[in-house]
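Q: Please take a close look at a single part of this model. Then relate that part to the rest of the chain in one connected account.

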Amino acid sequence: MPLSWNEIRSRAVDFSKEWKDESSEDAEAKSFWDAFFNVFGIRRRKVATFEQPVKKSDGKGGFIDLLWKGVLVVEHKSLGKDLDRAFVQAKEYFSGLKDRDLPRYVLVSDFQRFRLYDLDEDQQHEFTLRDLHKNVRLFGFVAGYETRFFGESDPVNIQAAEKLGKLHDLLKAVGYEGHQLEVFLVRILFCLFAEDNSIFEPQQFRELLELRSAEDGSDLAALLASLFQVLNTPPAKRLKNLDEQLAEFPYINGRLFAEQLPMAAFDKKMRNMLLECTTLKWSRISPAIFGALFQSIMDKKARRNLGAHYTSEVNILKALNPLFLDGLRAEFERIRRDKRRLVEFHRRLAQINVLDPACGCGNFLVIAYRELRLIELEVLRELQKGGGQQVLDVGQIIWVDVDQFYGIEVEEFPAQIAQVALWLMDHQMNMQVSEEFGQYFVRLPLNKAPSIVHANALRIDWASVVRPADLTYIVGNPPFVGHQNRKPHQAEDHTLVWGTDGSFGRLDYVTCWYRKAVDYMRENTQLACAFVSTNSICQGEQVGTLWAFLLGAGVVPFFAHRTFRWSAEGRGAAAVHCVIVGFALTDRSPKQLFEYETVEAEPHVIPVNRINPYLVDAPDVLLPARPPTPVGLPVMTKGSQPTDGGHLILNSDEERDELLKACPGARKWIRRYVGADELLYDLPRYCLWLKGITAAELNAMPEVKARVRAVAKTRAESPTESVQGYPAMEFTQDRQPTTRYLAVPAHTSEHRRFIPMAYLEPKVIASNALRICAGATLYHFGILHSTMHQAWIRHVCGRLESRYRYEPAVYNNFPWPQDVTDRQREAVERCAQAVLDARTPGSSLADLYDTDAMSADLLRAHQALDRAADACYGRRSFATESERVAFLFNLYVARRDALAIEAPAPARKRTAAKKAPARKRVAV
């Protein structure tokens, strides 16, 4: 058990007095260092050796004064000798050490002076013997108090996973795999962490491996099996003749070592790899993120992008902070001077229970636990002030503990990792308490455990994991799977949760967790929940289906992060575009909306009155998926669709020229063919537009006729009956205008400030990758190209990945300005023409509307257009885009009767949750 800092300081004072007159290296150096280690309650012989022989960098032999493998090299000199030279001499020994034995620290001394070098942090500290007691915390690595929280990007995290990954592969190669391998590696992880974090004695695990196993590894499996049994056995029940080195290990419990595993067969290479793992600084490993890294070692393909699949702490806190941590911190600040209320507050911290129903390796739970413990630490600091030290009597404190955390995980191995990660974080926090208050605090054996259930969260009753009445918060990051990408078992899950109603069939897989959470929360309407989700649940067609159910169940969002890039940290980092929605079944305040200027930017928080399904401070509007075109506006449709197997399409100038060379008469029937990419990037593409062709004309062009036959064959084999007999010369869906028309790309980058739009002539055939509007005037072009409409797009349209997916419904639902005067209309038309004129001839729309390269002339033209468009709405300007969008939603609601849009079919009837607010939903 580590000494308290008070005891260490007292011993350091005595040590300084005893050695204040010593000066001879040869006479007393060894006694000096034995006494030095005793200051920290450590027997030097257990961790370090004197006069370690080693070959120096110059090839000559030498002796290290003191070596603690992997931790510390000491070079000792007589009084007054050059300490700079002593450090250089110590570094000369490094070349003769194995990589795993290289130290982090170098300590040089001449009895009266100490100089400590931290090689990892590139720091050095110098002080006198008399001031040792003032500097003892620098030697936390000796005392067993080196509890440090490093950044999630610390390379040690990935190095550790890589080394364990190699050990995993070696074991699997000899047939040790599956469940037994997973449990074995979890135990190894715990042992590695334990000896670097004061659960075991320093290097206790490593010394057992080095000293008690043969170099060929032949007896290592049996040794580890014995160790696991010892760790699972209380000292009083261990064999009386147990090997002394094994007997010194503590009792762990927690069921971690309870299962009897088949023994693995180790060889020399495996043993060396395990010893390599012991050399890492496991006190630097972050339990908050290492679990997911550790999981990835089980898959070689995932390991190639090691670090790609764990979630950054920054993003996790985006959910946890507004869900409950910010509120707790604010309450603490209000009551920090009131000790009576602090005691009650501390007691409530120990009653907060958190469930993650898709917990994976436990990232959300581990970070939530750490943050609660940090708040608890702040409380203890305040209670200690003014003679409150007695509150730190461990037996009298109701501590925040791991049994307040619950998880459900469909895969067994991550579920095991989640439990161990919480224990490891618990120990790190206990060490911080010990260091802070000078009282050693450790929870061994592990009598309490988090409840991490290995089960399918969509097929299990969450109440069987934790009763709703006992829970406080639900949080997590459920799987991101679109309806079209669901695997068969996920499709079954989806049906079990949502039923067979077809309207729910197109919802993303993540929505199943929303449904399960809401049903669970009905039993305790004081619960609050926050899920990370793909942004599709708050955009496009899913809104009407999902949010009709949620609002009908009484769901009230009280915070939300609008679309941002949910990026993982590490090499090959993956990223998706997400939202976070925090909600309850009772009204909560304050309400907060987190806005992002770009998906990569940092958010800024906006206090709001309410949050609607589109994550806007506006009424609860559910925009219909297929509204009719408002009266007085030109109709917008999709372009024409060939359904031809590609036989009517010519994808390049070369393909067109080749056909014309073989069949010159085809020129009459070839038209430019434009989709989204062709419109944006000015790419050449063509089609055979054979509408009205006679049999004689077709027979005169054998190559064209061959293509038509291929189209007929393709359509005959189609599963769609209406396609099977459709004339092979024509597009199956012909929506080609006969007049000039406005074209909008169906999909375009979210990075552009404006979705590029352009007019096309009727001879240019629009593909179904365009949205077309025949008869659109300059006024219509101007309003659609204004920031007013672009803001609407950004908030309501669907997404393909992160790109905008523009549908006619976006156009039809848009609140166009009304009662526009002739002068206002003319101003918009004039500015719209100025935008067209400012487009540099020969430049593609993609280049013209590149966010970083938009010309000053074009930008000024759009700014003028925005002023003209805003004037049509009776506004001069908007302070933020959120204000602009809220204005549009309120305008939409105010005009719902005039728009004459029928109300959508109601969602399946649900019984409202108790105490749910009477939240008005606008029928549209």
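A: Leu650 stands opposite Tyr686 of strand β20. The model is a predicted one, in which local features require pLDDT of at least 70, side-chain atom pairs count only at pLDDT 80 or more, and totals for chains, interfaces and linings use all residues. Residues are numbered from 1 along each chain as its sequence is written, and side-chain values use heavy atoms, with hydrogens and water left out.

Strands (E, at least two residues) and helices (H or I, at least four) are DSSP runs numbered from the N terminus, and two strands pair if DSSP finds at least two bridges between them. Strands of a sheet pair through backbone hydrogen bonds, either parallel or antiparallel. The sheet concerned is open, has four strands in the order β18-β20-β19-β24, and shows mixed pairing. Its edge strands, β18 (649-650) and β24 (765-766), each pair on one side only.

β25 is joined by three bridges to strand β17 (residues 636-638), and the two run antiparallel; here Ile772 of β25 is opposite Thr637. Five bridges link β25 to strand β21 (residues 741-745), again antiparallel, with Cys773 of β25 as the bridge partner of Leu742. Four of the five residues of β25 are buried, so the strand is mostly covered. Buried means under 20% relative accessible area, exposed over 50%, and partly exposed in between, with a 1.4 Å probe and protein chains only.

One of the helices, α16 (residues 363-384), has 22 residues and reaches 31 Å from its first C-alpha to its last, close to the 32 Å expected at 1.5 Å a residue; the expected span is 1.5 Å times one less than the number of residues. Helix α16 is largely enclosed by the rest of the structure because 18 of its 22 residues are buried.

The largest nonpolar core has 120 residues, and those with the most contacts inside it are Trp462, Trp513, Trp547, Phe583, Trp792, Tyr806 and Phe889. Such a core is a set of buried Ala, Val, Leu, Ile, Met, Phe, Trp, Tyr and Cys residues joined through side-chain atoms within 4.5 Å. Helix α32 (residues 881-894) supplies the largest share of this core, eight residues. Apart from this core lies another, of 106 residues, including Leu280 and Phe364. Leaving aside neighbours within four places in sequence, Trp792 is in contact with residues including Leu623, Val810, Leu888 and Tyr892, contact meaning heavy atoms within 4.5 Å.

Phe139 sits in the loop between β6 (123-128) and α5 (140-143), and counts as buried at 1% relative accessibility. Phe139 lies 99 residues from Phe40 in sequence, yet the two are 8.5 Å apart in space, C-alpha to C-alpha. Leaving aside neighbours within four places in sequence, the contacts of Phe139 are Phe36, Phe40, Leu107, Leu116, Phe127 and Leu132.

A disulfide is a pair of cysteine sulfur atoms within 2.5 Å, and by this rule the count is zero. Cys361 is in no disulfide, the nearest cysteine sulfur being that of Cys359, 8.1 Å away. Cys361 counts as buried at 4% relative accessibility, as does Cys578 at 0%.
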